[in-house]
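Welcome! Please take a look at the sequence and structure below, and then we can go through some questions together.

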Amino acid sequence: MADTTNGTDIERRLARLEQRTRALEDEREVTRLLLSYGPLVDSGSADAVAGLWDADGVYDVDELLMRGRDQIAAMVRSGAHQGWIAGGCAHFVGPPRVTVAGDDATAVSYSLMVTHADGGFVLRRATANHWTLRRTDAGWRIVNRTARVLDGRPESPALLASGVSAPVPDGERA
Amino acid sequence: MADTTNGTDIERRLARLEQRTRALEDEREVTRLLLSYGPLVDSGSADAVAGLWDADGVYDVDELLMRGRDQIAAMVRSGAHQGWIAGGCAHFVGPPRVTVAGDDATAVSYSLMVTHADGGFVLRRATANHWTLRRTDAGWRIVNRTARVLDGRPESPALLASGVSAPVPDGERA
Amino acid sequence: MADTTNGTDIERRLARLEQRTRALEDEREVTRLLLSYGPLVDSGSADAVAGLWDADGVYDVDELLMRGRDQIAAMVRSGAHQGWIAGGCAHFVGPPRVTVAGDDATAVSYSLMVTHADGGFVLRRATANHWTLRRTDAGWRIVNRTARVLDGRPESPALLASGVSAPVPDGERA
């Protein structure tokens, strides 16, 4: 018992547990951030959507490249987006597969855009998403989100593949 | 080394780790509970569905207000619901964004109702869900689930927004 | 203070934390593995898809039974599957409800198959999935995935029910 409870051993086990717990918390925090996007964008919370990104973060959708929070908030406030909300709209983000490496993270997820029309619901779009994030003083923020519609364009499968080949996360047991 | 491994310091680090681990476990347990809804309701497991709620829990859907487990189980046993199962049905609950604060929790999620008809599948409904839960002696249970279809009614975006503005969870690093 | 920080007590608390942290890591690792399926299969990463399974793992879909990695990789390389990718396809796997028990795990999830056709998107299939996994020297791997379409066949609801009645996970507080 003396062998396993001496000061050096305890210090090593505590430090290892602190590292593993932090890895789990990081992954949890990144996941929560990404799962905030849908509820915020579908409620028109323009500043809160923009605040998910880092100050100079990029949101790169097929037809639109937004640089920085002002451009992202402007998209949410646009007539086109407000029209989706008024008619009924779900930006359904699937469970992200997150990889944290130190102060950087990547994630891959699908998203579905569902809209209400003519008394029914339409699946307008299925999209591949690749996210990069970094740890800031205010918590994790999105550095880049690239979204490409899964309509046969080769970029979209490539985006999915790149998101899964990311390095092994912190705290993963060998 | 003596400075970092003395009894008081070890006690403090252990207590902090226990608190952080519990916060992660709570969020995991709430998530597992919410992800049980779909499989249980789509298999007609009426009592198990009702058992996800607290004894006096409320399930508030657009057209139907259920108070307590008996009313929830009755919905699952109803001819209407049994008809969905017989025909083919998926209550697809998306990944919940969970916020735990002590013995209470809130979550926001989307859900899709998909049914089989005429040899194909129909996306019948996209819905905003706001859940409140509490820790009971038997584990986490649902106190209230409010579900509003995303068809343009203003309540639904408001429900999504309210789910994300919840307080900072336990164990979150400053 | 002496009472709570003596060597035996610290040893017990450290060991308990290590066990709880490992339970959280296991569930996280199983979830990440299952969330890798969609991005890998929709990008045609045949060997990587097959590598999610154990060497003699089984993938049992309604119309097709695949035994071992070669048969799984062959499905991904088939003309039929390559045609889906070329046309635009999302194998959207919902958040799995995971139960870990020692070196074994089970999970239940929904999956949606969405394809692009005629300038729009079609929800081709909603499916019930039951997964069993085991811990290998290389990490968690799938032993069996059984998928049944939710078109009214009784096997599909039964599969959903069986996935939720799994034993209480490791690390769950009483």
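**Symmetry and a helix contact**

Chain C is superposed on chain B by a rotation of 120° with 0.0 Å of shift along its axis (RMSD 0.0 Å), where copies are fitted by least squares on C-alpha atoms of residues with pLDDT of at least 70 in both. This is a predicted model, in which local features need pLDDT of at least 70, side-chain atom pairs count only at pLDDT 80 or more, and totals for chains, interfaces and linings use all residues. Residues are numbered from 1 along each chain as its sequence is written, chains are lettered from A and ligands numbered from 1 in the order in which they are written, and side-chain values use heavy atoms, without hydrogens and water.

Q: What makes the rotation of 120° that superposes chain C on chain B the relation of a three-fold axis?
A: The rotation is 120° with 0.0 Å of shift along its axis, and therefore it is the relation of a three-fold axis.

Q: Which residue of chain C comes closest to the rotation axis?
A: That is P95(C), whose C-alpha lies at 3.3 Å.

Q: Why is α2(A) called oblique to α6(B)?
A: Helix α2 (residues 7-42) of chain A and helix α6 (residues 155-164) of chain B pack at about 140°, with their axes 8 Å apart. Angles under 35 degrees count as roughly parallel, over 145 as roughly antiparallel, 65 to 115 as roughly perpendicular and the rest as oblique, so α2(A) is oblique to α6(B).

Q: Which residues of α2(A) meet α6(B)?
A: They are S36(A), P39(A), L40(A) and D42(A), which meet P157(B), L160(B), A161(B) and V164(B) (contact means heavy atoms within 4.5 Å).

Terms used:
Axes are lines fitted to C-alpha atoms, for helices over the stretch in contact, and angles run from 0 to 180 degrees between N-to-C directions. Helices (H or I, at least four residues) and strands (E, at least two) are DSSP runs, numbered from the N terminus.
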